[in-house]
Amino acid sequence: MGKFIGHVYPGLYLFSYGLHQATVIFKAMIVNDSLLCPSCPPRNKGIWDRLWKISYKGLLKMLVGSILTIYVAFCLDDGMVLMDKKYPPRFMYPKEWQHLTMFILLTFNGCVDVTSKNLLPQRCVVLEKGTLVLTFYVLLLLLMSHVQDSTGIELQIHYLLIVVVFLLMLVLTIQLWTPDTFHLLLIETFLFLMMGSWLIQGGFILYRPVTGYPWQDDDISDIMFITTFFCWHVMINALCLLGIYGISSLWHCCYRPSLKLMGSKETPCHRGTVGPLYKLLQEVEQSEKEDQALLLSRSSS
């Protein structure tokens, strides 16, 4: 796992996930829709309606997690051995076992998403978010111990990755109470993009440098440029989100009439419990109707 493929493939998955999440968030922001219960175009009942409701994100997590788990389990020549046969026995391949734990958690998170959306009588968003938060808590703990024997360039790369994971863990924890807040979801998407792009960059720096020459751990300029590259990733990913928002806005302006027509035919979706403000407005409206009826009755009499 501690190779070029082991860094690039998870990074590509996280970056692609962030791009998809950005398109979903910006579309919901533009049309003033909910992310927990998004409106969808009318479809005929039957197999296509069931296929539309499948949690494809959960299935993708299960697929990617399973593939990476199998890759880690069989990437070693002598297999994933937990302990050697010497006396006293010693643990073998600690980093590979940590990677295996990460990908098993990703698979488990996908299973929970599919169960919540497709198997339970009612979708449980708290269960989905709680599992995701638990995954990143474990990931942060694993990364903190993952850098114990790292030095120089590798240590700096992993330290910056830990910063992203820590911020993402905080945002996901706050979302347990406010899961449908656009600002938090946008920050979460940005951090997913950062995590994915930085993993890809780390794979190239550690195993396939562009210049063909390895980075030097004892060169302070190389370590300083690691942080500089990380700052460039921050700016590039922010511009990427801005570009996605611009494209989404342009698409919405071009297809706005058709969206309005489709929205008028959609069935209303239950968004949750009725808030106190809405109840108060209903009571005021009902009292006004009663006053009008009373005035009409008096005038007729």
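Trainee: How many salt bridges does the count come to?

Mentor: Bear in mind that this is a predicted model. The count comes to four salt bridges. Among them is the pair Asp113 and Lys61, whose side chains meet at 2.9 Å, N to O. This pair links distant parts of the chain, with Asp113 in helix 4 (residues 94-119) and Lys61 in helix 3 (residues 56-74), 52 residues apart.

Trainee: Are Asp113 and Lys61 buried or exposed?

Mentor: Both Asp113 and Lys61 are buried.

Trainee: Which residue forms a salt bridge with Lys129?

Mentor: Glu188 does, and the closest N and O atoms are 3.8 Å apart. That pair also joins distant parts of the chain: Lys129 is in helix 5 and Glu188 in helix 7 (residues 182-207), 59 residues apart. Lys129 counts as buried because its relative accessibility is 14%, under the 20% cut-off. Glu188, at 1%, is buried too.

Trainee: Which residue forms a salt bridge with Arg123?

Mentor: Arg123 pairs with Glu128, with 3.0 Å between the closest N and O atoms. Arg123 is partly exposed, at a relative accessible area of 36%, whereas Glu128 is buried, at 11%.

Trainee: What else surrounds Glu128?

Mentor: Glu128 lies in helix 5 (residues 125-146). With neighbours within four places in sequence left aside, Glu128 is in contact with Asn109, Val112, Asp113, Ser116, Lys117 and Arg123. With Ser116 there is a side-chain polar contact of 2.7 Å.

Trainee: Now the helix that holds Lys61. Which residues of helix 3 are buried?

Mentor: First the general idea. An α-helix has 3.6 residues a turn, so residues three or four places apart point the same way. In this case, the buried residues of helix 3 are Gly58, Lys61, Val64, Gly65, Leu68, Thr69 and Val72. Viewed down the helix axis, they fall within an arc of 135°, so they line one face of helix 3.

Trainee: What covers the buried residues of helix 3, and which exposed residues does the face turned away carry?

Mentor: The cover includes helix 1 (4-30), helix 4 and helix 5. The face turned away from the buried side carries the exposed residues Ile67, Ile70 and Phe74.

Trainee: What should helix 3 span, at 1.5 Å a residue?

Mentor: Its 19 residues should span 27 Å. The end C-alpha atoms of helix 3 are 27 Å apart, which agrees.

Methods
Residues numbered from 1 in each chain as written. Predicted model: local features only at pLDDT ≥ 70, side-chain atom pairs only at ≥ 80, totals over all residues. Heavy atoms only, no water. Helix = DSSP H or I, 4+ residues; strand = E, 2+ residues; numbered from the N terminus. Polar contact = N/O pair within 3.5 Å; in protein donor to acceptor, adjacent residues only side chain to side chain. Contact = heavy atoms within 4.5 Å. Buried < 20%, exposed > 50% of the residue type's maximum accessible area, 1.4 Å probe, protein only. Expected span 1.5 Å × (residues − 1). Arc of directions from axis to C-beta.
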